[in-house]
Amino acid sequence: MPEAEQQNDANAPAGAGGDPPKTAKQLEKERLKAEKLAKLQAKLDKKAAAAPAAGEKREKPEKRTKEVKEAAVYTAQTAPGEKKDLSGALPDAYSPRYVEAQWYSWWEKEGFFTPEYGRASIDAPNPNGKFVMIIPPPNVTGSLHLGHALTNAIEDAITRYHRMKGRTTLWVPGCDHAGIATQVVVEKLLWRDEKLSRHDLGREKFIERIWDWRREKGGRIYEQLKSLGSSYDWTRVAFTMDPKLCRAVTEAFVRLHEEGSIYRSSRLVNWSCTLRSAISDIEVDKVEIPGRTFLSIPGYEDKVEFGVLIKFAYKVEGSDEEIIVATTRIETMLGDTAVAVHPQDDRYKHLHGKFVVHPFSTRRLPIVCDEFVDMAFGTGAVKITPAHDPNDYEVGKRCNLPFYTIFNDDGYIIGDYGEFTGMKRFECRKKILEKLKALNLYRETLNNPMVVPICSRSKDVVEPLIKPQWYVSCSDMAASATEAVRSGELKIIPEHHTKTWYHWMDGIRDWCVSRQLWWGHRIPAYHVSFTDPSLQTGSNDDEQYWIVARSEAEALTKAADRFGVDASKIVLKQDEDVLDTWFSSGIFPFSVFGWPDQTKDLQTFYPTSLLETGHDILFFWVARMVFFGQKLLGKLPFKEVYLHPMVRDAHGRKMSKSLGNVIDPMDVIRGITLEGLHAQLVGSNLDPREIEKAKAGQKQDYPQGIPECGSDALRFALCAYITQARDINLDINRVLGYRFFCNKLWNATKFALLYFTGSEKFDTELSASATINQMDAWILSRLAAAIEACNTGFESYDFAAATSACYAFWLYDLCDVYLECLKPIFQSGSEEQQTAARRTLYVCLDYGLRLLSPFMPFITEELYQRLPRANPAPSICVASYPSNTSWRSTKIESDVEFVQKAARIIRSARSDYNLPNKVKTEVYIVCTDSVPSEILKRYASDLATISYCSNVVFDSPAPQGCAILTVTGQCEVHLLLKGLVEADKEIAKLQKKSDQLVQTVGKLTQAIQAADYATKVPAEVQEANETKLSESRAEIERIAAAIETLKLM
C-alpha cells in the first residue's frame, strides 16, 4: 500500500452514525489488513496480465524430473570361484550389490582363509605366531539375527587382522543342532502343515523329518555368513550332529562317568509341561510382574492369575489352634508334607513336634523347625512342598520328609486327591481356592510382586519337578576354572566380567544334562534288566543298574562283568533322553579338531587363541568349555575370552519377534520394504495374536522399510558401536551413515586414481625425508597415527578406537584436506612436486585400504585391486597389515592443526556472510608473534586452498571493509568482504537469524528454570539443552560481531 494512502487512512474521521474514535491498536490492525488486501490484488493483477488471451493455448513447459540412476550391478559372466572381472571402469557411484559380488567365492577357492595358505604345512614354524578361534556355533533353526552379525563382524575383523599380520590363522565355522529350539520349530511346522504331533510319527520318523528340515534350511546360515564376508575355513566346517562330533560327545560322557564326574540322581529340575522336558537355566525367562497379573499360558483358554499371595490355615491336630501359611502357588498345597517354623520363634514353640491336618488327604503334616524360615516375614510359618520347590526340597532333605509329586509330565494332578486328580494344574488352582473358602480355611489374598519363571521356548510356566537325571559334578571343575582366572592363565576381557565369573563359580551347582527330547545326542547309558526271573532287576532310579558305554556291545560286556551274569541273560535299554545342547557345545573347541583322536589339527590348533562371544553366555557356554578342556585334555581351551555387548534396538529394548524389532542382517545388507518386513512375520512361527503388534512396531521403527546398506557398512557400524558398555542400542540410521562413508571412500579413490594416468607402478616404500610437498609429510604423519591407533585398537580389543581412526583418516585428513591441497599441485605444480605427490597419494590409498580391510573386506578389495601396485599381493586379505609409524611427526601435525584452525575460522565467517565457495576472497594475516606467522607463511598456499581464498597476504596493512577474525591472542585474520557482499541485505538476514536464536535461548532458559526441570527431564535431554543453549549464545555473539563489521562498509 502506498505511503499517501496509509497517511489518509490513519487520519480519517470516525465513521458516520456517531461511532466512537478508533484506538491506535484498532487503526494498526486495519492498516495491516489493508496491506494484505493490496498485496493480494497486486498478485491477482500480475497473474491476469501473464495469462494467455482467450482461446489462445500456451504450451506447457516440460516438467523437469530429477534423473535417478539405478545402482550398478555386476553383470560380467564370471564363474563362481573365478576372479572378478575388473576390465571395466569403476561405476559412477558406490553400489553394495556391485562391490560385494563375486569376491567371496574367489577368496574361498584360492584358499586364502585356510591355515595352509602360503605354507608347507600347518605345523611349520611361523615367527609371527598363530591365531586360532572357533565360531560360537549359531543354532540351525533358520536364519541369523543382528546378534550373530555383531559376533561375526567382530570375529572376522580380528581374524582378518591376524591373517594380515602374517600369523598362521584359522577360524573354524560350524552350526549347533539346538536340541529344544529345533525340535520346537519342526513340531510346530508338523502341526501347522499336517496336524500331526511327533508322537504320531514316532521317534525315528520324527528325527528323519528334522534331518530333512536341516538339509533344506541348514545351508542358509552358511550362505548368510558368507554374505557378511566372514573369512572361515570352510574345509573344517563342523555341525554338532556330525558323526565325528557325535563320537566325541559319547567319548566325553563315558570318560567323565568313569572318573566319577557324571552320575545319576533324582532331583528338582526346570520342567516345561508343554515340551515335556527339563530345560536349562538359560532357557528360563525370569518375568517380573508388579502384582496381580493375568498371563496367557499354553493349553489354557482363560488367562491365569499370578502375582498374588494367598493365605490359608492348617488346623493343628487335636486342638482348636491353627497355623496360617501363605503361597503364590496354592495348587502345590496338595504336595505339602510339613509346616516349618523357626526354632527360636516363641509363637510356635509349644507346637514343636505336633501335626497339622491336610484338608484334602489323610496326610498328617509335622510342624518342623528349620532356621531357613524368616520369623519376620508373614506369619513366620511356611508350608513345605519338597517335590515342587527348591527351598522346600532342601528342607525336606534336612528334615527327612516324604516327597510327593503331584503333577505328571503334562502338568495334570496325579495322586489320591479326589476331585482334583486329573485336573490341569492351573484349573486346580481355582478349584482349591473355592474349596478352602467352603471349608472356612481361606484367610486373604494379597497383592504380591513376584518373578514368574517362563520357558523361553514354549512360553509355559516352568514347574519344578523331581526327575531321575544325569548330572555333571561341577565343584572341582569350578575351582580349577576360578584359579585359572585368578592366576591370569585365562584372561577375561573386559575385566569387569571376572566378577560375574567368580560369582557363578562360587555358587556352582551340579549340572543336569538330561533332556527329554528326541533331537540331540542320545545319552550313552543303558538300563540293565534280566531275562532270568531269579535275578533281581533294579529300578530306573538305581544307578547300579545303569551302564555307561561307547556302544551297546561295550555296555553288554560291562554289564556281564558287573553282575557276573552271562550276556545272553541281559536286556539293555538305552536311555530315551538326549544330552543338553550345551554339553556338545562345551567340547566344541576340541571336538572340531578330531578329539579323541590325536589328529594333526588337534596337536596344532588346540588350545585356541581366543574365544569371542556375548557376555550373556559366559557361564552357560564359556565356563563349560573351560571345565571340559581342563578335565578332558588338561589344558584351557583358549587363552583369552573377549565378551561383546548385547544388541538392542534404537530404543534400548531387547530384540523380540513380538515387538517386530528382530532384524535379519540380510535385510540391512540388501534393503527391504515395510511390506517385506510384514511378510516375514506372517511366514514366521509367531503367534497370530502377536503378529499385528509386531507389524505396528515395524511400522513405527521402519516406516519406509530398511534401505540397502551393504555388508561393509553394517560390519563397520557394529564394530564402531563396541565400547565397555553391556548393551548396544543399534540405530539403522547410523548404519546408513557408514554406507554414505563407503560412497565417500569410493568417490575419493575414484577421483585419486585420475592422477595415476601412466603405466607406472608404485610401492609403499617411502621415507619421510623423501617428501617434497609440505602436506605430503603431514598426511603421512596422520597415516602413521592411524596405523598406530588401529594396531593398538586390535591388540586391546578397542574396536571403536580402530574404526574411529580409519574413519577420521579417510574423511577428515585424506578427503577434506589432503586431496584438496593436491588439486593446485596437479594443476600447476612442477613435475617433481607431482611425482612426489603421486607417490604419497599411492601410499595413503594402499595403506588406508589395508587399515580398513578387516572391517570392510568387500569395498577395500574392489578398490585395492585397481591400484597401480608394483608388488601386489593376490588379495588385500593376505596383504600385510600396515605397521610403519616412522612418518609420525607431532610438530608437523601441530603446525597443520593451527593452519586448519585458521581455515575453519575463515570458512565459518564466510558462512556467516553467505559467501559461496566459488566466490574467492583475500585474507590478511596480522600477527604480533613470529611463530604463528611463520607457520601460516609456510602453509600459505594450503591455507588459501582449504579456506577458499584467492590470496593470503602477510606483512601488509589490511584495507577497509574487512571482517576481523581472531585465531589466537597473537594472530588475527582480516577477511576482505568489501565489494563481495551487499551490507544492508546481509545485515537483515543476520538480524533475522539472531532474532530466531534469541527466541530459542529464551525458551530454553525458561524451560531450564522450571521448578521440576532437574527431576522430570531425562539427563540426556538436559545435556542436549545445555549444549544447544551455549551454542546459540555463542552464535548470537558471532552474528552481532558480523553485523557491526557490515555496518562499517
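Predicted model: local features only at pLDDT ≥ 70, side-chain atom pairs only at ≥ 80, totals over all residues.
Pro 494 sits in the loop between strand S19 (491-493) and helix H13 (497-506), and a cis peptide bond joins this proline to Ile 493.

**Backbone details worth a look**

- For the bond between Ile 493 and Pro 494, omega is about -5°.
- A cis peptide bond also joins Trp 595 and Pro 596, with omega about 15°.
- To find Pro 596, look in the loop between helix H16 (588-591) and helix H17 (600-605).
- Ala 178 has a phi near 50°, which is a positive value in a residue other than glycine.
- The loop that holds Ala 178 runs between strand S3 (174-175) and helix H6 (179-194).

**How the chain is divided**

- Domain 1 is made of the segments 122-258 + 475-503 + 580-644, while domain 2 covers 284-460.
- Further along come domain 3 (718-888), domain 4 (894-981) and domain 5 (984-1048).
- The centres of domain 3 and domain 5, taken over C-alpha atoms, are separated by 39 Å.

**Helices H23 and H27**

- Two packed helices are described by the angle between their axes and the distance between the axes.
- Helix H23 (residues 732-752) packs with helix H27 (residues 857-864) at an angle of about 5°, and their axes are 11 Å apart.
- H23 and H27 are therefore roughly parallel to each other.
- On the H23 side, the residues in contact are Cys 742, Leu 745, Trp 746 and Thr 749, and they meet Ile 859, Glu 862 and Leu 863 in H27.
- Sorted by class, this contact of H23 with H27 has five nonpolar, one polar and one charged residues.

**Helices H28 and H29**

- Helix H28 (residues 890-912) and helix H29 (residues 930-938) have axes 10 Å apart and pack at an angle of about 85°.
- H28 and H29 are therefore roughly perpendicular to each other.
- From H28, Lys 891, Asp 895, Phe 898, Val 899 and Ala 902 take part in the contact, meeting Pro 932, Ile 935, Leu 936 and Arg 938 in H29.
- The contact of H28 with H29 has six nonpolar, no polar and three charged residues.

**The second largest pocket**

- The second largest pocket has a volume of about 420 Å³.
- It is lined by 21 residues, and the closest to its centre are Gln 516, Asn 540, Asp 575, Glu 576 and Asp 577.
- Helix H7 (198-201), strand S5 (262-272), strand S18 (463-472) and strand S24 (570-574) are the elements that give two or more residues to the lining of the second largest pocket.
- Of these, S18 gives the most to the lining, with three residues.
- By class, the lining of the second largest pocket divides into 10 charged, six polar and five nonpolar residues.

How values were computed. Residues numbered from 1 in each chain as written. Heavy atoms only, no water. Domains from an automatic or database assignment. Axes fitted to C-alpha atoms, helices over the stretch in contact; angles between N-to-C directions. Helix = DSSP H or I, 4+ residues; strand = E, 2+ residues; numbered from the N terminus. Parallel < 35°, antiparallel > 145°, perpendicular 65-115°, else oblique. Contact = heavy atoms within 4.5 Å. Nonpolar A, V, L, I, M, F, W, Y, C, P; charged D, E, K, R; others polar. 1 Å grid on protein atoms, 1.4 Å probe; cavity = no way out; pocket = protein on both sides within 12 Å on 5 of 7 lines; lining within 4 Å. Points joined across faces, edges and corners; volume = space filled by probe spheres on them.
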